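Please consult the sequence and the coordinates while reading.

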Amino acid sequence: MIISGKEVANSIKALLSEEVAGLKEKYGRNPKLAVILVGDDPASAKYVHNKELACERVGIENLTFRLPAQATVDQVLSRVEALNSDPSVDGILVQLPLPGHICESHVIAAISPDKDVDGLSPANVARLWTERAAGLPGLNSAAPAFPVPCTPAGCMRLLSEAGVDPDGKNAVVLGRSNIVGLPVAKLLLNAGATVTVCHSHTKNLAEITSKADILVAAIGKPHFVTADMVKSGAAVIDVGINVDPVTGVLCGDVDFDAVAAKAGAITPVPGGVGPMTIAMLLENTVGCFLRRGPARSTA
Ligand code: NDP
C-alpha cells in the first residue's frame, strides 16, 4: 500500500478551509501566519512560496518578511519580537536553515510559545517530552493543547490514515534531529510503540531496522534504506528529501521500488511526508488562533 500524503493533505486542507470560513464568520477575522525568511536559499524560498499558496487555499492570512542573508541576529530577533507583540498575528514561523552566522536555537527560543507553529520553542519541546498523550492520532486535531512539530505530526497522521496503530509495535527511527527524529520518536512512544532511535554512530543498523514494524527514515541520504534492511509487511515512512546524484530527480532516504515490494505500507517522495508537513503547519496555525482566544487577539 502506498500512503499518499498528497491525498491526505488535500483532505485536511479541504476540512481546514471550511473551519477557517466558520472562524471568520464567528470571530470576524481569519487566522494569520507570519513567516520570516532570511537570505536567498532557493530551496527555502520554494518552501515558503508553497506555504503561502497553502495558506491562501484554506483562507489563512499570511505575511512573509524577507530579510537579506547578511541580516544580523538582532535584526531577526527584533522582527520576531514585533510579531510576538502584534495581536493580529497568530502564528510565527522562522524558515530554517538560517544563515550560519545566526544561532537558530537563539531565534527559535525568542518565538512566543503561543505563536510557535513549528512547535520547536523550548516551552513546547518541554511539553512534548513531559506530556504522555501529546500528539496521539485523534488528539492532534485542530486545537491540541500545544503545537507539535509539523513533520513528526505529519508522520503520525500518515500512519493513522494507513490504519497502522503503533501501540505495542517495534518502531525504529533513523535520525535524531530536533526537528524530525527526536520528536517523531517521542510521538511514537506516546502512541505505545517501543522505540529505537538510530544515528550515524549506530552499529549493526540493518539488524535493528529489519526488526521494525514501523520504520521512519529521516537522515537525508538518497536510497539509503534498502529492501534487506526492512521487515516484510513493515510500515515505512520516508521523511528524506534528497536529489538523486545520478538522475538529478527528487528522492527520499528509502530505495522506494525495492522496499515498496516488501513493505506493508510506504510513503513516496515526493507526495508523502512533504505535503503533510504543510498541512500540519496550517492546522497548527488554526490551533494557535483558537488557543490565543480569537476575540481578544483582534484588540
Ligand atoms: P539532520 O541532518 O539534522 O539529521 C540527520 C540525522 O541522520 C542525524 O541524526 C544523523 O546522525 C543521522 N544520520 C546521518 N547519516 C546516517 C547514517 N549513515 N546512519 C544512521 N543515521 C545517520 O536532518 P533532518 O532531521 O533535518 O532531516 C532529515 C531528512 O529529512 C533530510 O533529507 C531533510 O531534507 C528531510 N526533511 C524533510 C521534511 C519534510 O517535510 N518532508 C522536513 C524536514 C526534513 P548524527 O546525529 O549522528 O549526525
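A residue counts as buried when its relative accessible area is under 20%, as exposed when it is over 50%, and as partly exposed in between. The model discussed here is predicted.

Q: How many of the residues of strand 1 (residues 32-38) are buried?
A: Lys32, Ala34, Ile36 and Val38 point one way from strand 1, while Leu33, Val35 and Leu37 point the other way. Every one of these residues is buried. Strand 1 is accordingly described as mostly covered, and its count of buried residues is 7 of 7.

Q: Which residue stands opposite leucine 33 in strand 2?
A: Strand 1 and strand 2 pair in the parallel sense over 7 bridges. Within strand 2, the residue opposite leucine 33 is asparagine 62.

Q: Is asparagine 62 buried, partly exposed or exposed?
A: Asparagine 62 belongs to strand 2. Its relative accessible area is 22%. Because buried means under 20% and exposed means over 50%, asparagine 62 is classed as partly exposed.

Q: How far apart in space are asparagine 62 and asparagine 30, C-alpha to C-alpha?
A: In sequence, asparagine 62 and asparagine 30 are 32 residues apart. In space, their C-alpha to C-alpha distance is 9.9 Å.

Q: In what order do the 5 strands of the open sheet lie?
A: The pairing in this sheet is parallel. Its edge strands, each pairing on one side only, are strand 5 and strand 10 (265-266). The order of the 5 strands is 5-4-6-7-10.

Q: Which residue of strand 5 is the bridge partner of valine 172?
A: Strand 4 pairs with strand 5 (residues 194-198) in the parallel sense over 5 bridges. Leucine 174 stands opposite cysteine 198 in strand 5. For valine 172, the bridge partner in strand 5 is threonine 196.

Q: Which parts of the structure does the salt bridge between glutamate 52 and arginine 66 tie together?
A: The closest N and O atoms of glutamate 52 and arginine 66 are 3.5 Å apart. Glutamate 52 is buried at a relative accessible area of 15%, whereas arginine 66 is exposed at 53%. The pair joins parts that are 14 residues apart in sequence, because its members lie in helix 2 and strand 2 (residues 61-67).

Q: How far apart are the closest N and O atoms of glutamate 131 and arginine 127?
A: Glutamate 131 is partly exposed, with a relative accessible area of 28%. Arginine 127 is also partly exposed, at 31% relative accessibility. These two residues form a salt bridge, and their closest N and O atoms are separated by 2.8 Å.

Q: How many residues apart in sequence are the parts tied together by arginine 157 and glutamate 283?
A: Arginine 157 and glutamate 283 form a salt bridge whose closest N and O atoms are 2.9 Å apart. Arginine 157 is buried at a relative accessible area of 14%, and glutamate 283 is buried at 7%. Arginine 157 lies in helix 6 (residues 150-161) and glutamate 283 in helix 10 (residues 273-292), so the separation in sequence is 126 residues.

Q: What share of the accessible area of the ligand does the protein bury?
A: The ligand is surrounded by 21 residues, the closest being Arg176, Ser177, Ser200, Ile241 and Thr277. Oxygen atoms of the ligand lie 2.5 Å from a side-chain N or O atom of serine 200 and 2.7 Å from a polar side-chain atom of threonine 277. A ligand nitrogen atom is 3.5 Å from a polar backbone atom of histidine 199. Taken alone the ligand exposes 930 Å², and the share of this buried by the protein is 71%.

Q: What accessible area do the residues of the nonpolar surface patch have together?
A: The patch is formed by Tyr47, Ile241, Val243, Val249 and Leu250. Tyrosine 47 is placed in helix 2 (residues 42-58) and is partly exposed, with a relative accessible area of 35%. Together, the patch residues have an accessible area of about 440 Å².

Definitions and conventions
Residues numbered from 1 in each chain as written. Predicted model: local features only at pLDDT ≥ 70, side-chain atom pairs only at ≥ 80, totals over all residues. Heavy atoms only, no water. Patch = residues over 30% accessible without salt bridge, like charges linked within 9 Å, V, L, I, M, F, W, Y side chains within 5 Å. Areas by Shrake-Rupley, 256 points an atom, 1.4 Å probe, with all protein chains shown as cover. Salt bridge = Lys/Arg side-chain N within 4 Å of Asp/Glu carboxyl O. Helix = DSSP H or I, 4+ residues; strand = E, 2+ residues; numbered from the N terminus. Buried < 20%, exposed > 50% of the residue type's maximum accessible area, 1.4 Å probe, protein only. Near = heavy atom within 4 Å. Polar contact = N/O pair within 3.5 Å; in protein donor to acceptor, adjacent residues only side chain to side chain. Pairing = 2+ DSSP bridges.
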